Each structure stands twice: as structure tokens, then as C-alpha cells.
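The structure is shown first.

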Amino acid sequence: MKKIVYLLLIITAIGIIVTYIWNRASQDEIVAKEIETLLKQGETQIDLTNIAVFRWTQVGLFGPYTTNEMIEESMEIKFKGDNGGIDILDDRFLLVFANEKYAIKTVIIPRKFGTYTIKDNTFLIVKP
């Protein structure tokens, strides 16, 4: 009987850990490299639906000194874990992809290419 209880506790713990990790927003370096490549080629409008091939429902763009709390309030989402904002990084912007109520991916974009905006929850617009 004790073995079954221990087994159930272990399965429950693993489930909680997997759920926590699964819902954490991870930094997507592949998308960041693809965007930077397009920026170097002079693109001024990047279709994020062609680059960010994971499931997401909204994207937000945030400048330097933006905190996790500001991002969560603006997008009406939550970060799980300790990753997120860019409150001390003044040389970059942060794209935050969310799926419903949780941030799922973040992408760092360097400021050296200009300033950015999001259009129609789909396009990254670059103004040199």
C-alpha cells in the first residue's frame, strides 16, 4: 500500500513539474536569429506567422526598462517562472508571444536596426 502512495506522489510531482516547465516562456533564439537575418537584409515588415511556427494567439512588443508586471498588465497574461521582462536591458526590444493567458516565448531584438511596432498582431514593422 505504501508503494502505491509513494508512486502516486511521484507521479503527481512529475506532473506538476512538467506543467510548470511546459507553461514557462522560453527565449526563442531561433526566431531571434531569423528576424535578425531579415533585418540585416533590409526588411521593414516581417510576417511573424511565417517565423514563429509554434501556437500563439497574441504578440506584444516592449522596449527597454519594461518589467514583467508591465508586460503582464499590457497583454493580460502571466509569466510562469522568473523569466520575462527586460527592465535593465536598454539595447534591445522584447517580443512576447502568448497563447491565451500565458507567455510562451520571448524573442530579443537588437535596437541597432531601428524602432519596432506590431501591426495587426501579425507583422513586425521596422523604422530605421
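The sections below give the basis of the values and then the local features.

## Basis

This is a predicted model, in which local features need pLDDT of at least 70 and side-chain atom pairs count only at pLDDT 80 or more, while totals for chains, interfaces and linings use all residues. Residues are numbered from 1 along each chain as its sequence is written, and side-chain values use heavy atoms, with hydrogens and water left out.

Helices (H or I, at least four residues) and strands (E, at least two) are DSSP runs numbered from the N terminus. Buried stands for under 20% relative accessible area and exposed for over 50%, with partly exposed in between (1.4 Å probe, protein chains only).

## Aromatic pairs

The structure holds 3 aromatic pairs. Rings of Phe, Tyr and Trp (its six-membered ring) pair if their centres lie within 6.5 Å; planes under 30 degrees apart count as stacked, over 60 as edge-to-face and the rest as tilted. Trp56 and Phe97 form an edge-to-face pair, at 5.0 Å centre to centre and 70° between the planes. The two are 41 residues apart and link distant parts of the chain: Trp56 is in the loop between helix 3 (48-51) and strand 3 (58-62), Phe97 in strand 4 (residues 92-99). Trp56 is buried at 14% relative accessible area, and Phe97 is buried at 0%.

Phe93 and Tyr116 are also edge-to-face, because their ring centres are 5.1 Å apart and their planes stand at 80°. This pair joins strand 4, which holds Phe93, to strand 6, which holds Tyr116, across 23 residues. Phe93 has a relative accessible area of 11% and is buried; Tyr116 is buried at 6%.

Ring pairs join Phe54, Trp56 and Phe97 into a cluster. Lys105 lies over the face of Phe54, 5.5 Å from the ring centre (a charge sits over a ring if NZ of Lys or CZ of Arg is within 6 Å of the ring centre and within 35 degrees of the ring normal).

## Helix 4

Ile71, Glu72 and Met75 are buried in helix 4 (residues 68-75). Viewed down the helix axis, the buried residues of helix 4 fall within an arc of 95°, so they line one face; the arc is taken from the directions from the axis to the C-beta atoms. The buried residues pack against strand 3 and strand 4, with contact meaning heavy atoms within 4.5 Å.

Exposed Glu69 and Glu73 are on the face turned away from the buried side of helix 4.

## Thr122

Thr122 is in the loop between strand 6 (115-119) and strand 7 (123-127). Thr122 counts as buried at 19% relative accessibility. Not counting residues up to four places away in sequence, Thr122 touches Ile46, Asp47, Leu48 and Thr49.
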